[in-house]
Amino acid sequence: MTGKQKAWITAVTGGLLALAILFHLIGFQEWRSYTLIVSTVIAGVPIALKALQALRMKTFSIELLVTIAVVGALFIGEYVESAAVTFLFLFGAYLEARTLEKTRKSLKDLIDMAPQEATVVRDGLERIIPADEVEAGDRVLIRTGGKVPVDGRVAGGRAHLNEAAITGESVPAAKADGDTVFSGTIVESGFLEVIAEKTGDDTTFARIIELVEEAQDSKTKTQQFLEKFANIYTPGIVILSIIVYLFTRNIELTLTFLVIACPGALVISAPVSIVAGIGNGAKNGVLFKGGESVEALAKVDTVVFDKTGTLTKGRPEVTSIDAFGEDAGELLRIVATAETASEHHLGRTIVEEAERRRINGLERPDEVEIIKGHGLAATVGGKRVIAGTRKLMAENGIMIPPEADASAISREKAGNTAIFAAVDGQLRGLISIADQIRPEAKDAIRRLRASGVKQIIMLTGDNRHAAALVGKQLGLDEVHAELLPEDKVAFVKKLKDDGRRVAMAGDGVNDAPAIATADIGIAMGAGGTDISMETADVVLMADRLDQFAHARSLAKATVRNMKQNTWFAVGTVFLLLAGVLLGKIFLASGMLIHELSVLIVILNAIRLVRYNGSKRTRKPKGVEPFGPQPAMVK
């Protein structure tokens, strides 16, 4: 039954009840009874049909209890009670549906933001077509006020885009040639020509909607338990009602007991909180994969961070080039040529530095070997080039002179990553690269500690000096450096074996194995890469650590809200049953209280829609603003 149908039936039965009261006042008692019976039937038929549908599915529903009670009330001539119960139940269901819509408002807002049309250039002409008919490779034009209908790259024009639908960020982002844009974003000013790369259901925006829909429909362990409990509880109440009748021989008391024991508020106590919490996350650029992700994040006591791209900006720059017996420009050209085959962020940084200096001759190297976690080896112009860590140099028998090692250590202590470069078996230089700590990192870590996280650890493949500096600046508990991806996985497994509940936050690409191993994986989404959406349990779409802090506090608030609703629902049922057995609560008044309890549970959950964790953050006693100094650097 739709919301409109519920509204009409509720209005009709409400009108009939008002008419019955009028008949009672003017003395038409027979007409009053007929009116009450008609009202009961009109409101009771949809309830009975829903009960039958549940029985066909071998489920004992709340509607079944109400139907039995209403039939019993009609049988004993309690027409006022039967009409009141059906009206209140239906009216409560209508209000419940209306208020539940508010908890799904974030998803509805997302769907409403989906672009419907696109302006494309085909055969030299501009054409307006449905957004889902755009094909990869099409040139799409977006003017001021228009919505970007595809994921793609800017091929012309400049503009400021509102990316709140993707990242939760309200500050417009500047876009120019070569920049990536996402479907669902809005051009606030300017003009863009975009080459479509992903269209229709493949766009980031479409996948976000799909993920949020799936997450809101998913069930937490608490929900699954409550549903199993309700399936046992409902037939149990029927049996208890029979026992009450056998002891009291009071049919009205028995019917009242049957209706009052309905676990309506209990059944919805968990799902309504989860839906509201996930909706809040979606609005703020945090994608929870499901209710279980919310529960898992709330229980985390240990957070493990990757360094580069997670605690740092992930946009490193070359700070210095030390050449030994080689021209610095020529050294950069040789190493950059080798690194063109690398997908590692440090390798790309070296290539970008060569391009920035307009160094010519960057061609694809020969015989490339990527040594995961250490660097690479390649042949460039007939020369064997090896670039990477100290360990890589040692493994290839390349000696590092004391003065070169001292220089590297000095750079590393200043927060740089030192890349050793050898040509034909001889160390020829040192390229230093530095990355900046994210400006929001300190506050995010403070908020995580305030939310109850007991230990914050950093795992990185970077050198121990640079890692120690980041750890000291952020006040991390432990720092473990020079790790390979498999070392990170082993470390996370050890934490879990020690009984820790572990969250692993990384960039969603290099750290995918460790993210998948943790109790809950957090991916710095950067607009929602495929790997981050597939691997992680939670995706931070704006690529900001303060979203992680919000996700954690929101998860705790959601679980807290779920518990509040559950205890309130259970307490209400017990109080009502006690009132029935003591003769203080009757069928109509009991149903009214029951429906009010359902609405209170929903209204309590709706508070999560506007939840802002930063307002609730408190510095825990005995904890320094940014935590203790690093206890261990390995």
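Mentor: Helices (H or I, at least four residues) and strands (E, at least two) are DSSP runs, numbered from the N terminus. Here the protein chain has 23 helices and 21 strands. This is a predicted model, so local features need pLDDT of at least 70, side-chain atom pairs count only at pLDDT 80 or more, and totals for chains, interfaces and linings use all residues. Residues are numbered from 1 along each chain as its sequence is written, and side-chain values use heavy atoms, with hydrogens and water left out.

Trainee: What share of the 634 residues is buried?

Mentor: Start with the cut-offs. Buried means under 20% relative accessible area, exposed over 50%, partly exposed in between (1.4 Å probe, protein chains only). In this chain of 634 residues, 52% are buried.

Trainee: And how do I read contacts along the chain?

Mentor: Contact means heavy atoms within 4.5 Å. Take the contacts with a separation of 6 or more: 68% of them come from residues 24 or more positions apart.

Trainee: At what angle do helix α11 and helix α22 pack?

Mentor: Axes are lines fitted to C-alpha atoms, for helices over the stretch in contact; angles run from 0 to 180 degrees between N-to-C directions. Angles under 35 degrees count as roughly parallel, over 145 as roughly antiparallel, 65 to 115 as roughly perpendicular and the rest as oblique. Helix α11 (residues 291–299) meets helix α22 (residues 545–581) at about 105 degrees, and the axes are 8 Å apart. Therefore α11 is roughly perpendicular to α22.

Trainee: Which residues of α11 and α22 meet?

Mentor: From α11, they are Val294, Glu295, Leu297, Ala298 and Lys299. From α22, they are Phe548, Ala551, Arg552, Ala555, Lys556, Thr558, Val559 and Met562. The contact of α11 with α22 has eight nonpolar residues, one polar and four charged. On the classes: Ala, Val, Leu, Ile, Met, Phe, Trp, Tyr, Cys and Pro count as nonpolar, Asp, Glu, Lys and Arg as charged, and the others, Gly among them, as polar.

Trainee: What span should α22 have?

Mentor: The expected span of a helix is 1.5 Å times one less than its number of residues. For the 37 residues of α22 that gives 54 Å, and the end C-alpha atoms are 54 Å apart, which agrees. After α22 comes Gly583, with a positive phi near 80 degrees.

Trainee: Now sheets. In what order do the six strands of the open sheet lie?

Mentor: Two strands pair if DSSP finds at least two bridges between them. The order is β10-β15-β14-β13-β12-β11, with antiparallel pairing. β10 (317–323) and β11 (366–371) are the edge strands, each pairing on one side only. From one strand to the next, the twist averages 15 degrees. Inside the sheet, four bridges join β13 (residues 383–388) to β14 (residues 416–423). Ile386 stands opposite Ala422 in β14.

Trainee: Last, loops. Is Thr460 buried or exposed?

Mentor: Thr460 sits in the loop between β16 (455–459) and α18 (464–474). Its relative accessibility is 2%, so Thr460 counts as buried. Beyond residues up to four places away in sequence, Thr460 touches Lys307, Ala467, His480, Ala481, Glu482, Leu483 and Lys488.

Trainee: Which loop holds Gly146?

Mentor: Gly146 lies between β3 (139–143) and β4 (151–162). Gly146 is partly exposed, because its relative accessible area is 21%. Leaving aside neighbours within four places in sequence, Gly146 contacts Thr185, Ile186 and Val187.
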